[in-house]
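Here's a quick briefing to read with the sequence and the model open side by side.

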Amino acid sequence: MSFDDMDVDSIWMDGEFVDWDEAEIHVLTHGLHYGTGVFEGVRCYDTADGPAIFRWEEHLQRLYDSAKPYDIDIPFEPDELTEATVELIRREGLDSCYIRPIVFYGYDMLGLHPGDCPERVAIAAWPWGAYLGEDALENGIDVMISSWRKHASSQIPTNSKTTGAYVNSVLASLEATDNDYREALILNKEGNVAEGPGENLFLIRDGEIYTTGLSESILDGITRRSVIEIARDLGYTVHDQATISRGELYTADELFFTGTAAEVTPIRSVDDTQIGAGTKGPVTDDIQSAFFNIVENQPAEYDDWFYPVER
Ligand code: PPE
């Protein structure tokens, strides 16, 4: 996906809409040098009831929470960011799209303490299809265990979606791609499963579902939370604070990734070891179908997961 062939004209920046090409910052921006920023990734779906943002309140809450450890004081109220986002989607005529809010320390001085650097805020939106490809959603992906370990929350808070922290994900991604795998899976400092570079992990064994707990150095994924709820609604037993050892991966019946971008993506092999039948498993299929049914149809039971974008 390149921005080159994208038909979106504006970005909301610090309180106003600016031309896409003019949404620029100074090279001495604090956030650029030290990664002192926080961001979100959100999807707006073209549901049967019109465009609606999936779990907007939760994403917004996580943005404000992410900012806390860095003393980033977001200079807009949640309502203002909501209004800006809805207006952006409307004025660009988008129906389904990916939304990227970001807040970072801007330009004033360098030096690690952010001092008087102003908090800058931007929200962009653009069409973004299947993150790992349509084929990935149907047939699953091949992943490798990264040789890079996930930082512990005592090093960089992993429940904060911090821009700088993503170098860990970038390293793992580069390594996986260089070795011809579609995606990486990253272990935590203890050597147990943490998560993918941009996804949470779910494991299925004997009909029950396991996902790594919040103290395993993961992002508290909103798709993860949604899938836990969907699975329970479907009648599955879900262990949502699991510790998953590396060894358990290879003998799992099924594995899948969740994420805003990745949605529900089956994993068909780990380190060239086939998982289950080497394709999308039945439990994964059940949950994936329920997930897509919800985001496509916005059924009444899940109505409060959507923020409507009135035309
Ligand atoms: N872990 C990490 C490290 C992560 O970045 C994401 C989202 C998740 C788990 C899943 O969280 P959630 O989206 O709330 O279910 N990754 C975002 C960034 C992807 C990117 O390439 O950029 C996303 O999916 O939007």
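**Cysteines, charges and a helix**

There are zero disulfides in this structure, and keep in mind that the model is a predicted one. Salt bridges are another matter: the count comes to 13.

**Cysteines**

- Cys44 is buried, at 2% relative accessibility, and Cys97 is buried with a relative accessible area of 2%.

- As background, side chains of opposite charge can pair when their charged atoms come close.
- Glu40 and Arg62 form a salt bridge through their side chains, with 2.8 Å from N to O. Glu40 is in the loop between strand E3 (37-39) and strand E4 (42-47), while Arg62 is in helix H2 (residues 56-67), so this pair links distant parts of the chain, 22 residues apart.- Buried or exposed, where do Glu40 and Arg62 fall? Both Glu40 and Arg62 are buried.
- Lys150 and Glu195 also meet in a salt bridge, at 2.2 Å from N to O. Lys150 lies in the loop between strand E8 (141-145) and helix H5 (167-178), and Glu195 lies in strand E10 (residues 193-195), so the pair ties together parts 45 residues apart in sequence.
- Both Lys150 and Glu195 are buried.
- Arg225 pairs with Asp220 in a salt bridge whose closest N and O atoms are 3.2 Å apart. Arg225 counts as partly exposed, at 27% relative accessibility.

**Helix H3**

- Helix H3 (residues 78-91) has 14 residues. From its first C-alpha to its last, H3 reaches 20 Å, close to the 20 Å expected at 1.5 Å a residue.
- Which residues of H3 are buried? They are Leu81, Thr82, Ala84, Thr85, Val86, Leu88 and Ile89.
- After H3 comes Gly93, which has a positive phi, near 65 degrees.

Definitions and conventions: Residues are numbered from 1 along each chain as its sequence is written. This is a predicted model: local features need pLDDT of at least 70, side-chain atom pairs count only at pLDDT 80 or more; totals for chains, interfaces and linings use all residues. Side-chain values use heavy atoms; hydrogens and water are left out. A disulfide is a pair of cysteine sulfur atoms within 2.5 Å. Buried means under 20% relative accessible area, exposed over 50%, partly exposed in between (1.4 Å probe, protein chains only). A salt bridge is a side-chain nitrogen of Lys or Arg within 4 Å of a carboxyl oxygen of Asp or Glu. Helices (H or I, at least four residues) and strands (E, at least two) are DSSP runs, numbered from the N terminus. The expected span of a helix is 1.5 Å times one less than its number of residues.
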